[in-house]
Every structure is written in C-alpha cells, then in structure tokens.
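Here is a short briefing to read alongside the model. Please have the sequence and the 3D view open as you go through the points.

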Amino acid sequence: MVAELFAVMAPVLAGAGLGYTWIRLGHPYPVDFVTRLVFNIGTPALVLASLSGADIDAGSFGRTMLAAALVIITMAGMAFVLAKLLRRDWRVLLAPTMYPNTGNMGLPVVLYAFGSAGFVFGITIMVTVSLFQFTIGAMMASRGNPLRTLAKTPTVYAILIALALLLTDTELPLWLDNSVDLISGFTVPLMLITLGVSLASIQVKGLKSGIGFSLLRIPIAALVAWGIGVLVGLPPMAQSILILQMSMPVAVFNYLFALRAGRGAAYTASLVFCSTLLSLIYLPVLLAILM
C-alpha cells in the first residue's frame, strides 16, 4: 500500500517540485501565458479527450456534476461558520472554502490513483468547480458580468460538445480525436509545474491561521462530499473521487482573485501555502481509505 501511495504522490511532488525549484534558481516563468494556455486550450482539449470517448453514461455524468455543485454550495454556507470560528471576514474565506484545487493538483492525483476510468469523474468535478469559480468567483472579484465571462470560457463549449457526444453515443473523427489527445497531453504537467511556481512566488504570512483553517476545512469538506454522494446516489468510485477532489488544498486561483479584488490577498496566500503543505500529510491517509 505504501508503494502504491508513493506512486500516486510522486508525480505530483515531482511536477510541483520542478516548478518550485525553477523559480528558486532564479529562472523566469511566464505564469500569465501558461495559465492562459492551460485554461483556454489545454483544459478544453483535456475535457474533450477525457469525456468524448469515456465509458460514462449521461446520467452518471449529470449526477456527478450535481453532487459537486451541491458540495460547493454547502461549503459556501460553511464559510460563514469558519469565519466566526477564525474571526475573519467571511468575504475573504468564502472562495477558499468553496474552491479546492481540483485542477493542477486534484486531476493528477485522481489520474494516478484511479486510472482513466476515475479520471473521467475527476474531470467532471473539476469542470463543475471551474464553472462556479469563473462565474461567481469573477463576480466577487469585480471582473464585470459573470455571464460574459462564462461565454468567453472555452471549457464551457468543450463540456457542451462532450455532453452532446455522450448523449448521442458519437465519437470524434479519428484525426480530431488524435489531435485533441496530443494537445491535452501538456495540460497536467504544466498544471503541476505552475502550482510549484505559484507556491514559490507567494509571500506567506499568518502560517498559524492558515494551518488552523486547513485543519477545519478538510474534514468538513470530506464529510459534506460523502453525505451528498450518498444522497445523490453516486457510484462508489465517483463518490470516492468526489471526496478526494473536494478535500484538495485551496486553489491557487483563489489567491489571484483575491489580488484582483484587493481583499485579503496575503491571508489567502497563507491558506493556499499551508493547505498545500498539509496535503502531503493527509492525502496519503485519505487515499489509503478511498482506494
């Protein structure tokens, strides 16, 4: 079991460690360019490549999205509880409580832990979190009309195309399937490297509070995901992946949104940093339970 857990975590540590070391050695890294590349090209390609030929029916896909959405909404309510316990502004804690790192950390862990069959559910949950984050999150960061932001998000169209293919039991033409599969290949490695770069670039203060938040949020998220998974009737693998994904550390994008909003950026940075470090301890334990 230890060897299996190490095999799951090693690629995550290697990718993020590479990005962290790269920055610490003083080399430049175009975070804005890579982020745009991953979210505008890599992620849509990954969604299409994973969902278009996936062995998942439309019902399971829809239930997984519904379950993820319900967990996000429930965690939004829990943000007010955490804000009172930690004596912080709820507006600062809302996004970090709602949006775990289901992308550049969650997806690799799901892939190496559950294989391609589970990766489909991981992608579905990541997509749901991204839809919430790039609409409600954008609105909270005062980025204008969230519907306009949603309309400009390529991943949304990739989801719609993939869903249409699932419902009609249609496959992409071979030339397009091969092209999408090739392009999607850079997404997960770049996600991990960028995670390491972001952690190396964040100025962290308030480590004690960041650890306290993480120790409260993680078990709450896991229990909420388990309860909603049972309520919605998810398949066992999908339920395990929902628990795993929603227990991921605070997403780096929460820090970027906090910077744009000018609200609690330093504190949000500590939440990202501390929760990511703690994940190296609790994720193997959680994986041992779920795998």
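Helix α3 covers residues 58-86, and its 29 residues should span 42 Å at 1.5 Å a residue; the end C-alpha atoms lie 41 Å apart, which agrees. The expected span is 1.5 Å times one less than the number of residues. Helices here are DSSP runs of H or I with at least four residues, numbered from the N terminus.

This is a predicted model, in which local features need pLDDT of at least 70 and side-chain atom pairs count only at pLDDT 80 or more, while totals for chains, interfaces and linings use all residues. Residues are numbered from 1 along each chain as its sequence is written, and side-chain values use heavy atoms, with hydrogens and water left out.

**Helix α3**
- At Gly77, α3 bends by about 25 degrees; the bend is the angle between axes fitted to the seven residues ending there and the seven starting there.
- Arg87 follows α3 and has a positive phi, near 55 degrees.

**Buried positions**
- Thr43, in helix α2 (residues 31-51), has a relative accessible area of 2% and is therefore buried (buried is under 20%, exposed over 50%, partly exposed in between, with a 1.4 Å probe and protein chains only).
- Beyond residues up to four places away in sequence, Thr43 touches Val38, Met126, Thr155, Thr187 and Met191 (contact means heavy atoms within 4.5 Å).
- Val224 belongs to helix α10 (residues 207-232) and is buried as well, with a relative accessible area of 15%.
- Setting aside neighbours within four places in sequence, Val224 is in contact with Val71, Thr74 and Met75.
- Between Val224 and Leu242 there are 9.9 Å in space, C-alpha to C-alpha, and 18 residues in sequence.

**Salt bridges**
- Side chains of opposite charge can pair when their charged atoms come close.
- The structure has 2 salt bridges (a side-chain nitrogen of Lys or Arg within 4 Å of a carboxyl oxygen of Asp or Glu).
- One joins Asp32 and Arg36 at 3.1 Å, N to O; both residues lie in helix α2, 4 residues apart, about one turn of the helix, and both are exposed.
- Another joins Arg91 and Asp89 at 3.0 Å, N to O. Arg91 is partly exposed at 41% relative accessibility, and Asp89 is partly exposed at 31%.

Technical notes. Helix = DSSP H or I, 4+ residues; strand = E, 2+ residues; numbered from the N terminus.
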